[in-house]
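Subject: Structure for you to look at

Dear colleague,

Here is the structure I promised to hand over; please open it beside this message and follow the notes below.

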Amino acid sequence: MKRVRKAVFPVAGLGTRFLPATKAIPKEMLTVVDRPVIQYVVDEAREAGIEHFIFVTGRNKAVIEDHFDIQFELYDTLAQRGKDEQLARLQRLQPAPGQTSFTRQQVPMGLGHAVWCARELVGDEPFALLLPDMIMQSEKSCMKAMVELYEETGNNIIAVQECDPAETHKYGIVGRGEDTHHGFRITEMVEKPKTGTAPSNLYINGRYILQPEIFKILESQEKGAGNEIQLTDAMLKLEKQQPFFGFHYQGRTFDCGSPEGFVEANVAFALWRSDMNENMAGVIRTLLDEMKPSERRGAAF
């Protein structure tokens with residue numbers, strides 16, 4: 001059984017739901033409190049023991065590469081001004097030389113195609129896949145727990161969470177089989193099932209550990225929903241050859257691909273920080289108290 005050393009981050013999306021903010025800035029570089037969204041996802045992978053970070057990018061995404069590079073002028077300025085704490089923090093977040101790779105997805109053909117674009121960089125070994133729109137909040141990272149389950153099973157792992165049964169038609173849903181170790185056997189996968197037909201209310205939350213055989217399947221995978229190459233279709237084929245296990249994640253997940261989820265993440269992570277929570281809690285209470293009654297009735301809290 002090979003160790004999970006590499007992670008793929010598909011970051012080629014246009015972020016149209018955030019226009020005009022994403023006209024010149026990649027959506028992955030929008031900040032939650034004081035870190036770009038992509039930094040949270042990379043940090044999660046690093047906590048899980050990932051050593052090589054592979055970014056599948058598109059046009060106008062060069063700033064992501066710059067973010068994970070050394071900025072000599074900035075580091076020198078911080079050192080000269082005695083900003084040792086800030087400098088040390090930046091250095092802790094800095095990947096080591098050779099730990100990052102970037103490849104282009106020249107055409108928007110779906111998540112499955114983006115994963116396939118990383119095939120030469122991943123090679124013949126298992127890899128983690130983290131969707132950068134989804135950021136997690138928990139004491140132990142989602143991917144770290146998934147790697148632990150992988151080390152017990154040696155097979156494909158998908159993280160899932162519970163959703164409202166009335167909303168299963170919005171997600172990829174898995175069927176739950178027998179429990180094993182600290183996960184369970186996945187019996188089926190359905191992409192956006194029709195209302196009332198879902199095998200469970202466990203939805204796929206954007207974290208995967210996949211075996212390299214997925215690349216061969218994606219190479220000849222036909223287009224599916226949205227006229228794109230869908231990862232779920234390829235996983236369904238791989239599931240006929242190899243077992244899939246589910247990890248039931250119990251923390252919070254924020255969909256930063258939507259404005260509502262992005263704002264929620266900012267509030268949640270600000271309240272989670274010991275240096276900000278008391279002040280932010282007071283600010284939120286004040287804002288709610290100062291809203292006019294008519295505004296409160298029209299708002300959803």
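Arg119 lies over the face of Trp116, 3.7 Å from the ring centre, where a charge sits over a ring if NZ of Lys or CZ of Arg is within 6 Å of the ring centre and within 35 degrees of the ring normal. By that rule the charged end of Arg185 also sits over the ring of Phe245, at 5.7 Å from its centre.

This is a predicted model, in which local features need pLDDT of at least 70 and side-chain atom pairs count only at pLDDT 80 or more, while totals for chains, interfaces and linings use all residues. Residues are numbered from 1 along each chain as its sequence is written, and side-chain values use heavy atoms, with hydrogens and water left out.

Ten aromatic pairs are counted (rings of Phe, Tyr and Trp, the last by its six-membered ring, with centres within 6.5 Å), and ring pairs link Phe9, Phe53, Phe55, Phe68 and Phe102 into a cluster.

The second largest pocket holds about 600 Å³ of space (a pocket is an open set of points on a 1 Å grid over the protein atoms alone, where a 1.4 Å probe fits, with protein on both sides within 12 Å along at least five of seven lines; lining residues have an atom within 4 Å of a point; the volume is the space filled by probe spheres set on the points, which are joined across faces, edges and corners). Of its 25 lining residues, Arg35, Tyr40, Asp43, Phe269 and Trp272 are the closest to the centre.

Best wishes

How values were computed. Rings of Phe, Tyr and Trp (its six-membered ring) pair if their centres lie within 6.5 Å; planes under 30 degrees apart count as stacked, over 60 as edge-to-face and the rest as tilted.
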